[in-house]
Amino acid sequence: MPEAGEGRGRTPVPVRLPASREALAGLRAGDPVTLSGPVFTARDATHARLLAEVRERGGELPYGLAGQTLFYAGPTPPAAGRPAGAVGPTTAKRMDAATPELLAAGIVATIGKGPRSGEVVAACVEHGAVYFAAVGGAAALLATHVTSAEAIAYPELGTEALVRLELAEFPAFVAIDTLGADLYGSAAREWARGRQGSTDDVEEGQ
Amino acid sequence: MRTVDSHAVGEAVREAVVRAATSLRPDALAALEAAAARERSDRGRAVLGQLLDNAAIASADGVPLCQDTGYVWVLLEVGVEACVCGDVPAEVDAAVAEAYASARLRTSIARDALTDRSNTGDNTPAFLDVAFAPGSGVTVHVMLKGGGSDNASAVRMLAPGDGEEGVARFVVETVAHAAAGACPPVVVGVGVGATFDKVGGLAKKALLRPVGRPAADDLTAALEERLLAEVNALGIGPGGLGGDTTALAVHVATAPCHIAALPVAVNIGCSAVRTASVEVG
């Protein structure tokens, strides 16, 4: 399995959503990115509903989700003139059990925080999907990169409803790439081994 | 004997919830700034920069620091020369419901862990503890605890022979296992002693201490320093993306225990340690 690098620089790669498989294949674990375009919020209860619907439909995604990005998040209500006062990533591993099936059905990218299972890494490779990590605890900042919110399904779930958010230059990192490199799996080990993690030399070499 | 009405406790809870949700404690802010100045990882510095920007936006716009505005833990500290009259749990829950609606916080409480996972819709019930203190003061301590950091926590009943080494191993293992998803840099609350049910509260209460202030006792303070160094040597770093700052501080609180016991609890606090304390009356 390839190792995640230190990213190829400090300048974020702009990623337009929904992202094509080709665009996703060009990303590498460790790359800082900015995400612009639609994403769909889905967390614990949303996943249970979505998975049931996908199975009912013989493996097909509902609500036009094919080719789209899931954002593991439960926003706070609108505030300060923004669609959500705060919206940031929740812990992705709680969604791991459902993710391979949703990637097989056509979800091409997910956004969350924290490490994921080997099964999710393998599913990213198999389906050419990417897992983006956003910064947990930066939800007031991240909310300034959300321009609109539209309820799509399961309004009775409250903050766990499926909501389409429009992102504008939302900062994130590539955590699992389409080759199976896993930033969370390698970053701590490499740092602890004494690699400085500085990208100065990479940038200077370019 | 000083008498305090439970309504005043509710008022204090309301004030504390809103403050904890939207403004980073000055000591936590200072700890993040110091970490940002020290951190050598590019990604780590980028994450810490986002967390500092986040605190500024939350405080300027009065919006929550985090979308997970948590469950509410209330520790009501009552002086032995004071008496609180009235229905404290009802006042506390009413204050929580009001604060979550007025400050536009997220409600995140399931009606029952097993039999009914529907959202109660007002973030009640709060989780209320009462403790006695010397004097006639009454203080409300409030902590908003997110699911990500609480899920990363653990309790273990060690044997007395495991000693300080056993405690250290358990703390470092717990952080190594779960901190990457718990919004690092974390503050690690460690409880050592008391009983199976109380050691978790000891660890949680350690998170109320100003970030990085050493324990009063020299031996405990030395253990804190050792644990912080070992935890940061893990390299998990800000956001779990690699770096020097896995934890901002380790706070250890110790207590008496049974001669056969060495209970240890690790309660992970996220970088924001959202707590506020208010004197009642």
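## Cis peptide bonds and a positive phi

Pro18(A) sits in the loop that runs between β1 (13–16) and α1 (21–25) of chain A, where helices (H or I, at least four residues) and strands (E, at least two) are DSSP runs numbered from the N terminus. The peptide bond that joins Leu17(A) to Pro18(A) is cis, with an omega of about -5°. This is a predicted model, in which local features need pLDDT of at least 70 and side-chain atom pairs count only at pLDDT 80 or more, while totals for chains, interfaces and linings use all residues. Residues are numbered from 1 along each chain as its sequence is written, chains are lettered from A and ligands numbered from 1 in the order in which they are written, and side-chain values use heavy atoms, with hydrogens and water left out.

In chain B, the peptide bond from Thr124(B) to Pro125(B) is also cis, with omega near 0°, and Pro125(B) belongs to the loop between β5 (116–119) and β6 (127–133) of chain B. Thr120(B) lies in the loop between β5 and β6 of chain B, and the side chain of Thr120(B) reaches the backbone oxygen of Thr124(B) at 2.7 Å. When neighbours within four places in sequence are left aside, Thr120(B) is in contact (heavy atoms within 4.5 Å) with Ile109(B), Ala110(B) and Arg111(B). Back in chain A, Ala80(A) has a positive phi of about 55° although it is not a glycine, and Ala80(A) is placed in the loop between β3 and α3 (99–105) of chain A. Most residues other than glycine have a negative phi, and most peptide bonds are trans.

## The interface of chain B and chain A

Contact between the two chains involves 40 residues of chain B and 48 residues of chain A. Together chain B and chain A bury about 3,200 Å², 59% of it on carbon and sulfur atoms; buried area is the accessible area (1.4 Å probe) that two parts lose on being put together, summed over both. Of the area that chain B buries against chain A, Arg43(B), Gln50(B) and Gln67(B) supply 21%, more than any other three residues.

Across this interface the rule finds 1 salt bridge, defined as a side-chain nitrogen of Lys or Arg within 4 Å of a carboxyl oxygen of Asp or Glu. The side chains of Arg82(A) and Asp61(B) meet in a salt bridge, at 2.5 Å from N to O. On the side of chain B that touches chain A, α3 (42–61) and α5 (147–151) of chain B each supply at least two residues, and α3(B) gives the most, with 12 residues. By class, this side has 16 nonpolar, 14 polar and 10 charged residues, where Ala, Val, Leu, Ile, Met, Phe, Trp, Tyr, Cys and Pro count as nonpolar, Asp, Glu, Lys and Arg as charged, and the others, Gly among them, as polar.

## The two domains of chain B

Chain B is divided into domain 1 (2–23 + 63–145) and domain 2 (148–273), with bounds that come from an automatic or database domain assignment. Taken over C-alpha atoms, the centres of domain 1 and domain 2 of chain B are separated by 25 Å. In chain B, 9 residues of domain 1 are in contact with 11 residues of domain 2, and the area buried between these domains is about 760 Å², of which carbon and sulfur atoms give 65%. Trp73(B), Met143(B) and Lys145(B) supply 56% of the area that domain 1 of chain B buries against domain 2 of chain B, more than any other three residues.

The count between domain 1 and domain 2 of chain B is 2 salt bridges. Glu77(B) forms a salt bridge with Lys205(B), with the closest N and O atoms 3.8 Å apart. The elements that give two or more residues to the side of domain 1 that touches domain 2 are β2 (71–79) and β7 (138–145) of chain B, and β2(B) gives the most to that side, with 4 residues.

## Aromatic pairs

Over all chains the structure holds 4 aromatic pairs; rings of Phe, Tyr and Trp (its six-membered ring) pair if their centres lie within 6.5 Å, and planes under 30 degrees apart count as stacked, over 60 as edge-to-face and the rest as tilted. The rings of Phe71(A) and Phe170(A) have their centres 5.4 Å apart and their planes at 75°, so this pair is edge-to-face. The pair links distant parts of the chain, with Phe71(A) in strand β3 (residues 69–71) and Phe170(A) in strand β7 (residues 162–176) of chain A, 99 residues apart.

Key: Polar contact = N/O pair within 3.5 Å; in protein donor to acceptor, adjacent residues only side chain to side chain.
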